Each structure stands twice: as structure tokens, then as C-alpha cells.
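Please look at the sequence and the 3D structure below before reading on.

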Amino acid sequence: MHQGRHFLQIPGPSPVPDRILRAMDMPVIDHRSADFAELGRAVLEGSQKIFQTTGPVVIFPSSGTGAWEAAIVNTLSPGDRVLMVETGHFATLWRQMAGRFGIEVDFVPGDWRRGADPAVIEARLSEDKAHAIRAVMVVHNETSTGATSRISDIRAAIDRTAHPALLMVDTISSLGSVDYRHDEWKADVSVSCSQKGFMLPPGLGFNAISDKARDASRTNRMPRSYFDWEEMLKPNAKGFFPYTPATNLLYGLREAVAMLLEEGLDNVFARHQRLAQATRAAVTQWGLEVLCREPSEFSPVLTAVMMPPGHDADRFRKVVLDNFNMSLGAGLSKVAGKVFRIGHLGECNELTLLGALTGVEMGLSVAGVPHRPGGVDAAMKVFEQRTQSNSSPHL
Ligand code: PLP
């Protein structure tokens, strides 16, 4: 039996703040009532602020996978070609889904250690003189590897080619944690869900939709029903949903948006950068390797750590769970057993993270994984330097 709170340090679902738990602890109300419409309007407008868009955002009662599907079925037709990049496990799953809908995917191979290369996307689109490629589909924060893709650079690369492909971005583990600008970066569909940067339980899937994507949805030929944008957008205009919504998750969403905006999105993004920097300082001190190779693409949301050869990451995670009541993220598919992932997103601050890193450092010792001690000290130094430089000398 463990005392105290479980440390949920996986890269989503992230811990749900007490404030959000309290906001959801409400009676379910009539979803056709005026009270519901007020809630509906508040969450739809609030979500737009987090996507940094003035265009429509739709919210499905689904996981992120449902929101992936919505992006595909509303914009593409069987036989269409799209360009995707193998950044890791989630890009691979999205590709697989597109294939099941009869989409032909040009899948740029990757080594799972960096984000999508804007130059490669530019080259592929430049070669496509006939404009057969209908969409570029990229994962912003590859949760399986801890590498981000530089979406603004990818946008610029697409613009240089004057190619009309849609830009569809999986922001499932980046939204509300990493700077993401749907309008400014001219994303056509941004896909997200509730259990990462929004700090909610799983169960809500989001699509932010550009005018161009909505135009595509008027002529594409993919059968759809539950995920049809127009079915959703009509009642959304008055704050309602076409079917029974996930009412209590929406109470939570209203609170989550308020929390993110009270902290200020720029501060939220800076906090995640700081937590990630401290985590990498610890990993470096331990003498372990971060999976992401490209510093400009280090994820602010999670750090995937490579195990030394001969040591199994899942056994290590079990040692940490059994002894210190902390869940770390598993390595997925290609990197199963080879990496563990430290989530540092959402309801996470300096002291929570230091607790988590302490659990990792003790776990390395208990599991007999060769490492240098002092990782937690290295992370503390990152926070101390920052705090000193920010605080008033008169206090
Ligand atoms: N895309 C990314 C980047 C993810 O991290 C995840 C889940 O972790 C998904 C898609 C799938 O989302 P869900 O598990 O909510 O269906």
C-alpha cells in the first residue's frame, strides 16, 4: 500500500488539477437547456483561444484517435494522396488509419529521433507538379519520442512551393503546453484531445478548422456520420451539440481554459520549457541519453530517455512504480523496452518535477542501472539560476 498521491508522470493522461475535479463535480444538466447553451458557447470560444484561432473548433466526445479520424473523413476522399513523416509511433498510427480509409500515403521514413524535416517536405511538394498531394499531415509533438516538428518552418516550406495541399497537424500532446498558432501558421485542421495540456480526463477530441478545410469538406467523397463537421457546426452556432455531449468534461474544459488563460499562454509555454530543460539536465548528469537528437526539437512536454544496453526499460519502470508509486511512460512499439518517458506537462511545477526526478534517480540505483548520481541536483541548479535571475534584490 502506498501513501500520498500517485505520481502520474506519463506524457498524458496528465494529472487532473483539483480545481478541474471540483468544476466537474456537478449534476448533469439538460443538454437542450439555456444553461447548457451558456456552457457550450463558453467552451467553444475558450477552445479557440487555446488553438489561437478565430475559426471554428469542434469538440467530439472521443479520444484523440476519433479526432484524427474526423480530420481525415471531412477533408479527403478514397484514392487521395497525402504526405506524412515517420516521426514515431503516433505518426505511424495516423498513417495506418489514413490507409484504412483508402488514402495513399507517401510516408517519409524517419529514425524516431527527430521531428519532420521542413526541407524534405518542401522537396516532395516541389516534385509534385500536378498537385496530386492533397494534404501534408504532421504530428507536432511526437509523444512516443519526445521530438517536436517545427510547424511554422513547415508552413513556410509549403508556402515556398505554392503547393495547395492542406496542412493537418496532430497537436494532441502539444496544445496548451507548447506554442501552437492555428491561424498564424495557416494550419487547416489542428487535431487535439483533452487528456494532455488541457489537464482533463480523456474523452474529448478537438478539430480546429480553417476555411480551406471547410471548403474541402463540402466536396470530398468520404462517407461519415458521427464525425461530420457540418452536423456539429450547425447546433454549435447556438452552443448546442447534435447528440448528447460529455457534459461534465465540458465543465472541466471551461475551468481548464480559465486556468491556462489566467497563467497566460506564454507563461504556460515558458514553464514547460523550463521543466524540460531541468529534466534534460538530470538525464545528462546521469550519463543517460535523450532519444531526441536535435536540440531545436526537444519536446517541452516529455523527455524520452534511452536505457543503457542490457537494461530493460519496462523492468526499470516497474521498480519505480513498486517502490516509489510513480508511473513513467513506456517505450512504444519500435522502442519498447529501450526507452522510458518522463512526462512534464500540465499540472506540473518545479517541486513536482524534482519529486519525479528523485524517483527516477532512486529507481536507477535500486534497479542497478549504471548512472552517475547528482541528476536531481543538476535539475535544481536549472531552477535556482532562473529564480535568482528573476527575483528582486531587495527581498
Ligand atoms: N497522437 C498523439 C501525438 C498522441 O500522443 C496520442 C495519444 O497519446 C494519440 C495521437 C492518440 O490519442 P488517444 O489515445 O486519445 O486516442
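The model is a predicted one, in which local features need pLDDT of at least 70 and side-chain atom pairs count only at pLDDT 80 or more, while totals for chains, interfaces and linings use all residues. Residues are numbered from 1 along each chain as its sequence is written.

## Two domains

The domain assignment, whose bounds come from an automatic or database source, divides the protein chain into domain 1 (7-13 + 264-390) and domain 2 (18-261). Taken over C-alpha atoms, the centres of domain 1 and domain 2 are separated by 27 Å. Their contact, in which two residues count as touching if their C-beta atoms, placed from the backbone, lie within 7 Å, takes 26 residues from domain 1 and 25 residues from domain 2.

Helices (H or I, at least four residues) and strands (E, at least two) are DSSP runs, numbered from the N terminus. On the side of domain 1 that touches domain 2, the elements that give two or more residues are helix H10 (265-286) and strand S12 (302-306), and H10 gives the most, with four residues. This side of domain 1 divides into 14 nonpolar, six polar and six charged residues.

## Helices H3 and H4

Helix axes are lines fitted to C-alpha atoms over the stretch in contact, and angles run from 0 to 180 degrees between N-to-C directions. The axes of helix H3 (residues 64-75) and helix H4 (residues 89-100) come within 10 Å and cross at roughly 45°. H3 and H4 are therefore oblique to each other, given that angles under 35 degrees count as roughly parallel, over 145 as roughly antiparallel, 65 to 115 as roughly perpendicular and the rest as oblique.

H3 passes H4 in a right-handed crossing; a crossing is right-handed if the near helix is turned clockwise from the far one by less than a right angle, and left-handed if anticlockwise. In this pair, Trp68, Glu69 and Ile72 of H3 meet Trp94, Met97 and Ala98 of H4, a contact with five nonpolar, no polar and one charged residues.

## Helix H12 and its partners

The axes of H10 and helix H12 (residues 350-366) come within 11 Å and cross at roughly 20°, which makes H10 roughly parallel to H12. The crossing of H10 past H12 is right-handed. Leu275, Ala278, Thr279, Ala282 and Trp286 in H10 meet Leu353, Leu357 and Leu364 in H12, and by class this contact has seven nonpolar, one polar and no charged residues.

How is helix H11 (residues 313-324) placed against H12? Their axes come within 9 Å and cross at roughly 115°, and H11 is therefore roughly perpendicular to H12, passing H12 in a right-handed crossing. Phe316, Val319, Val320, Asn323 and Phe324 in H11 meet Gly359, Val360, Met362, Gly363 and Val366 in H12, and these residues divide into seven nonpolar, three polar and no charged.

## Two backbone details

The peptide bond from glycine 12 to proline 13 is cis, with omega near -5°, and proline 13 has its place in the loop between strand S1 (7-9) and helix H1 (18-24). Lysine 186, although not a glycine, has a positive phi of about 50°, and lysine 186 lies in the loop between strand S8 (166-170) and strand S9 (189-193).

Definitions and conventions
Ala, Val, Leu, Ile, Met, Phe, Trp, Tyr, Cys and Pro count as nonpolar, Asp, Glu, Lys and Arg as charged, and the others, Gly among them, as polar.
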